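Trainee: I am new to this structure and would be grateful for a close look at a single part of it. Could you please take me through how its domains and chains are put together, and then go into detail?

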Amino acid sequence: MKHLRSIDELGLDGLNKLLQLTDHMAEINQRPVPKVPALRGRTVASLFFEDSTRTRLSFETAAKRLSADTMTFNVSTSSVNKGESLRDTVATITDMGVDAFVVRHKSVGIPWQISAWTTASIINAGDGAHQHPTQALVDCYTIREATHAQNFAGMKVTIVGDIKHSRVARSNIQAFSLLGAKVTLVAPPTLLPPDISHWPVDVSHDLDEVLAESDVLYMLRLQSERMAQGHVPTLREYSEQYGLTQKRVLGLRSNAIVMHPGPMNRGVEMQIDPSDVKNSLIHRQVANGVSVRMAVLFELLGSGSNLGGQA
Amino acid sequence: MSGSIVIKNGTIINRTLQLVVDVKIENGFVAEVGKNLKGDTQLDASGCIVSSGFVDLHAHLREPGKEEAETIETGSRAGALGGYTALVAMPNTDPPQDSVAVIDFVREQGKRAGLVDVVPSGCITLGRLGESLAPMAELARAGVTFFTDDGNGVQDAALMRRALEYARGLGVTLAQHCEVAELTKGAVMNECRCCTDLGLPGWPAIAEELMVFRDIELVRITGASMHFLHLSTKRSVELVRAGKRDGLPITAEVTPHHLSLTEELLGSYNPVFKVNPPLRSAGDIQALKAGLLDGTIDAIATDHAPHPRRDKEMSLDMAPPGMLGLETALGVVLAEGACEIRDIVALMSWNPAKIARIDKTHGCDVAAGNKANLCVFDPELTWSIDINRLASKSVNTPYLGRTLRGRVRHTIFNGSPTVIDGQARR
């Protein structure tokens with residue numbers, strides 16, 4: 001595997017392989033000294049053109065636990081502000097000797113464009129509203145961990161919120177479907193893409209209607225600018241229709257799982273403190289983020305066997 | 001090259017005639033059409049078509065303002081290689097073509113290059129801002145016959161109505177870039193399944209069709225003539241077809257890329273495929289081709305839009321829209337097999353010359369006494385682009401790696417060859 005840019009490119013085999021590898025990484029992370037020399041001498045550059053807390057930190061942590069060197073590109077203090085083009089920036093960092101770029105950018109397709117300008121591996125950490133494959137891996141792994149299900153056949157996953165602008169939704173719909181889950185999208189029509197007739201999903205505009213039959217309830221963040229753009233009249237109205245409230249939590253099945261990719265908008269899609277939700281996996285999602293990203297880095301940069309030893 | 005030129009053994013295509021003959025050119029005019037003609041220079045045309053030179057209604061030559069992308073000279077040379085003898089220069093220059101000074105400059109630069117007639121279009125509104133009318137009468141007096149804000153549609157319906165009324169008094173044509181801007185904010189590609197998957201903001205067909213509809217109705221009440229630029233959707237073709245059936249003075253063009261490329265190409269994440277209006281669906285292509293066949297669409301125009309490499313290396317959302325077209329138009333259209341060769345001459349020469357109101361010197365039959373603006377092309381020759389040999393200053397062609405069919409062999413402008421055997425003379 002050279003790059004990880006989309007779930008589509010990864011495919012079911014790649015997905016399963018990375019999830020299995022994540023088990024090994026989770027084991028390493030349980031050790032008293034959670035560090036192995038697997039990627040010693042390798043360099044991973046983080047190229048984040050958009051804000052990020054968990055993705056960026058979990059990639060950096062993952063790289064360090066595998067003993068890779070890390071290089072962090074800070075857009076606000078970089079030559080990008082002097083007008084350096086993305087291509088030149090990538091070429092410059094490549095010249096310094098980099099094995100992988102972890103890229104986040106507000107624009108769709110940047111990871112593919114960059115691939116043409118460097119010999120390094122590209123990991124997509126989010127491109128516009130398009131793809132966020134490591135988040136999907138994290139979420140699949142987290143569901144597997146909680147349910148002990150190897151595949152998701154028969155599982156009903158409900159994704160709620162701003163599907164239209166969500167890269168998490170696009171990656172997760174693909175990944176959950178590949179693993180056999182039945183995905184239902186819940187959103188007002190203004191927050192759905194214009195034509196999803198070819199997606200393997202059901203659609204509902206009524207959260208209460210699908211709540212009781214969901215095995216997984218996946219809440220998406222609603223950005224406040226969607227109101228200014230006229231996608232929803234008010235956040236209050238959205239929150240009433242599509243937010244997770246105490247009442248809705250009670251309407252869930254006893255073993256249903258609640259997830260959120262973060263960052264949460266408390267008071268909007270989350271009207272309830274997640275710690276008050278019995279089966280919330282939100283903290284597991286963050287914790288598993290490091291193991292999943294270790295698996296990705298090792299798969300792309302590792303030599304295949306060298307996972308043993310102490311750093 | 002002085003003296004007379006004879007084009008040997010080509011098949012001339014005129015409105016009512018098609019036969020294999022020689023064409024003799026002298027002093028800028030066609031001197032004689034007949035068998036076994038002799039001249040100082042002979043250009044072989046066996047197996048080739050000899051027609052009036054092509055006329056492009058839609059070329060962005062970028063000068064003044066963006067000479068990094070193209071100059072009037074390099075764009076003219078690209079045009080000559082594509083078989084063109086006249087190019088209508090779009091007004092979205094910097095400064096825009098809304099004053100006599102800029103119009104004169106563009107025309108003079110065209111003359112200096114001397115490779116095609118550069119026909120400057122004028123802006124409909126001052127600065128192409130859509131707020132107040134450009135000095136259209138002054139521009140018309142300076143020779144402008146074709147007005148457009150291309151790149152922008154005139155959004156204000158009342159202002160567009162005034163522009164049409166005013167134009168009617170001047171005997172000029174207004175051309176509209178049909179795009180209701182409120183519906184295309186941030187749009188990168190056609191609103192379709194592919195844009196859904198990519199998470200890119202869509203440019204819906206309705207944004208074009210609403211303005212086509214509005215302007216057809218404005219033509220109906222004003223009686224002014226109107227040209228529709230780069231139509232791209234099925235419903236737009238239907239609207240124009242219905243308008244023509246009602247006898248309205250409207251014309252329309254389509255680009256080679258909207259006849260040959262589809263929206264899925266954006267899935268390559270290559271901004272070279274970003275264009276405005278965007279590449280559409282296979283169904284739209286089918287409707288556009290039907291429009292070519294039944295006369296709904298009058299012209300094939302390139303929307304030649306050069307951009308420097310660095311601009312097309314930006315992200316899909318940031319990269320400017322547009323692609324090269326002058327050097328490939330014929331090869332793309334013939335490769336598509338959308339219509340007969342005779343129709344292509346009509347769509348690329350006769351009709352656009354008339355729409356641009358330059359039909360006294362362009363788009364004339366190949367006949368004694370007419371200005372010698374001619375194109376000689378081999379309709380069967382297959383070829384592919386060598387990106388290092390483009391005459392254009394930019395390289396943003398979407399046709400790399402594709403096989404094109406039909407290539408210009410010679411181009412004669414004002415009686416002198418600008419292209420011989422596929423090579424630019426100057």
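Mentor: What follows goes from the domains of each chain to the contact between the chains, and then to a sheet and some particular residues. Please bear in mind that this is a predicted model.

Let us begin with chain A. Its domain assignment gives domain 1, made of 7-131 + 287-301, and domain 2, made of 133-283. Taken over C-alpha atoms, the centres of domain 1 and domain 2 of chain A are separated by 26 Å. Where the two meet, 24 residues of domain 1 of chain A are in contact with 21 residues of domain 2 of chain A. On the domain 1 side, the elements that give two or more residues are helix H1 (7-30), strand S4 (121-127) and helix H11 (282-301) of chain A. The largest share of that side, eight residues, is supplied by H1(A). By class, the domain 1 side of this contact in chain A has 11 nonpolar, nine polar and four charged residues.

Two of these elements, H1(A) and H11(A), also pack against each other. The contact of H1(A) with H11(A) has, by class, 10 nonpolar, three polar and one charged residues.

Chain B is also assigned two domains: domain 1 (5-49 + 370-424) and domain 2 (54-355). The C-alpha centres of these domains of chain B lie 25 Å apart. To their contact, domain 1 of chain B gives 29 residues and domain 2 of chain B gives 37 residues. On the domain 1 side, strand S16 (374-383), strand S17 (404-413) and strand S18 (416-420) of chain B are the elements that give two or more residues. Of that side, S17(B) gives the most, with seven residues. The residues on the domain 1 side in chain B divide into 17 nonpolar, nine polar and three charged.

We now turn to the place where the chains meet. Here 19 residues of chain A are in contact with 15 residues of chain B. The elements giving two or more residues to the chain A side are helix H4 (110-115) and helix H6 (167-178) of chain A. H4(A) gives the most to that side, with three residues. By class, the side of chain A that touches chain B has seven nonpolar, eight polar and four charged residues.

S6(B) is joined to strand S7 (residues 84-89) of chain B by four bridges. Along this pair, B:Val55 stands opposite B:Ala86 in S7(B).

Some backbone details complete the picture. Most residues other than glycine have a negative phi, and most peptide bonds are trans. B:Glu63 and B:Pro64, however, are joined by a cis peptide bond with omega of about 5°, and B:Pro64 lies in the loop between S6 and H1 of chain B. The peptide bond from B:Asn276 to B:Pro277 is also cis, with omega near -5°. B:Pro277 is in the loop between helix H8 (256-260) and helix H9 (282-293) of chain B.

B:Tyr269 is found in the loop between H8 and H9 of chain B as well. Its phi is positive, near 60°. B:Tyr269 counts as buried because 23 other C-beta atoms lie within 10 Å. In chain A, A:Ser67 has a positive phi of about 70° although it is not a glycine. A:Ser67 sits in the loop between helix H2 (54-65) and strand S2 (69-74) of chain A. A:Ser67 has 16 C-beta neighbours inside 10 Å and therefore counts as partly exposed.

Definitions and conventions
Residues numbered from 1 in each chain as written. Chains lettered and ligands numbered in written order. Predicted model: local features only at pLDDT ≥ 70, side-chain atom pairs only at ≥ 80, totals over all residues. Domains from an automatic or database assignment. Contact = placed C-beta atoms within 7 Å. Nonpolar A, V, L, I, M, F, W, Y, C, P; charged D, E, K, R; others polar. Pairing = 2+ DSSP bridges. Buried ≥ 20, exposed ≤ 12 C-beta atoms within 10 Å, placed from the backbone.
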